[in-house]
Amino acid sequence: MSRYVVDTDVLANVQRAGHAVTLGELGTLPVVITDTVWDELTVGASLAGAPERLVQEAEAMLKAIAGAPTVLVPQSPEAQTLVQLQLPPVTEGMGEHSVIAYACHHPDATAILHDRRALHRGIEELRGRVLSLHGFLDVLRREHGLALKAAHQISEWYCVRNKPQRRPLWW
């Protein structure tokens, strides 16, 4: 079974589209949420001034779909790769790098990324084991019961908010 290592921006877009609860209602998914991504959506969001209700909503979604964060243990191959990814010039964030680092060492894991540079870096490092938001929504719809209406609402919000982003032709 494939696992999906999901970046902060992807989950934040789902939440901003009003579907954090919808995603959480799918229950435990074959996802990995690295400790860095978990912290960005909770502690980091709180420190950045996000309302407490949004932080709690994000944490509830994360607990529902993943249970707990996956820690990149110091001195592990994943942590060593994370350090290498952070060498200058750094064009992606820590969350994105943690996703790529985890997927590098787990051949059954596909990185789910949002940002153009992160997608490009993921393609280079993972040799194609990368999906963007629409690919992830399609997997959730086909294999895990995400309603087509919810997938379309998330897509619509994402494309309007992230102009000139467009849905893929297959969508």
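Q: Which helix supplies the largest share of the lining of the largest pocket?
A: This is a predicted model, and its largest pocket is lined by residues including Thr8, Ala12, Gln15, Arg16, Glu40, Leu41 and Leu54. Helix 1 (8-16), helix 3 (35-41) and helix 5 (52-66) each supply at least two residues of that lining. The largest share, four residues, comes from helix 1.

Q: What is the volume of the largest pocket?
A: Rolling a probe the size of a water molecule over the atoms shows where empty space is left. For the largest pocket, whose lining also includes Ala45, Ala50, Val55 and Ala58, the computed volume is about 180 Å³.

Q: How many of the residues of helix 1 are buried?
A: A residue counts as buried when its relative accessible area is under 20%. In helix 1 the buried residues are Thr8, Val10, Leu11, Ala12, Asn13, Val14 and Gln15, and just after this helix Gly18 takes a positive phi of about 85°. Helix 1 is therefore described as mostly covered under the definition of buried, with the number of buried residues among its nine being seven.

Q: In what order do the four strands lie in the open sheet?
A: Strands of a sheet pair through backbone hydrogen bonds, either parallel or antiparallel. Here the pairing is parallel, and the strands that pair on one side only are strand 2 (31-32) and strand 4 (130-131), at the edges. The order across the open sheet is 2-1-3-4.

Q: Which residue of strand 3 stands opposite Tyr4?
A: Strand 1 (residues 3-6) and strand 3 pair in the parallel sense over four bridges. Both faces of strand 3 are covered, with Ala109 and Ala111 buried on one side and Thr110 and Ile112 buried on the other. The residue that stands opposite Tyr4 is Thr110.

Q: How many residues does the largest nonpolar core have?
A: In soluble globular proteins, nonpolar side chains tend to be buried together. The residues with the most contacts inside the largest nonpolar core are Val6, Leu11, Leu23, Val31, Ile33, Leu113 and Phe136. One of them, Leu23, touches Leu11, Val14, Leu29, Met61, Ile65 and Leu140, not counting residues up to four places away in sequence. The number of residues in this core is 48.

Q: How many residues apart in sequence are the parts that the pair of Arg121 and Glu92 ties together?
A: Arg121 forms a salt bridge with Glu92, and their closest N and O atoms are 3.4 Å apart. Arg121 lies in helix 8 (residues 116-126), whereas Glu92 lies in the loop between helix 6 (77-85) and helix 7 (94-104), so the pair ties together parts whose separation in sequence is 29 residues.

Q: Is Asp138 buried or exposed?
A: Asp138 forms a salt bridge with Arg141, with the closest N and O atoms 3.0 Å apart, and both residues lie in helix 9 (residues 133-144), three residues apart, about one turn of the helix. Asp138 has a relative accessibility of 14%, so it counts as buried.

Q: Which residues do salt bridges that share partners join into one network?
A: The side chains of Glu143 and Arg142 meet in a salt bridge at 3.8 Å, N to O, and Glu143 counts as partly exposed at 47% relative accessibility. Through salt bridges that share partners, the residues joined into one network are Asp138, Arg141, Arg142 and Glu143.

Q: How far apart in space are Trp171 and Ile123, C-alpha to C-alpha?
A: Trp171 lies in the segment after helix 10 (148-161). Leaving aside neighbours within four places in sequence, Trp171 is in contact with His134, Leu137, Asp138, Ala151, His152 and Ser155. Trp171 and Ile123 are 48 residues apart in sequence, and their distance in space, C-alpha to C-alpha, is 21 Å.

Methods. Residues numbered from 1 in each chain as written. Predicted model: local features only at pLDDT ≥ 70, side-chain atom pairs only at ≥ 80, totals over all residues. Heavy atoms only, no water. Pairing = 2+ DSSP bridges. Core = buried A, V, L, I, M, F, W, Y, C linked by side-chain atoms within 4.5 Å. Buried < 20%, exposed > 50% of the residue type's maximum accessible area, 1.4 Å probe, protein only. Contact = heavy atoms within 4.5 Å. Salt bridge = Lys/Arg side-chain N within 4 Å of Asp/Glu carboxyl O. 1 Å grid on protein atoms, 1.4 Å probe; cavity = no way out; pocket = protein on both sides within 12 Å on 5 of 7 lines; lining within 4 Å. Points joined across faces, edges and corners; volume = space filled by probe spheres on them.
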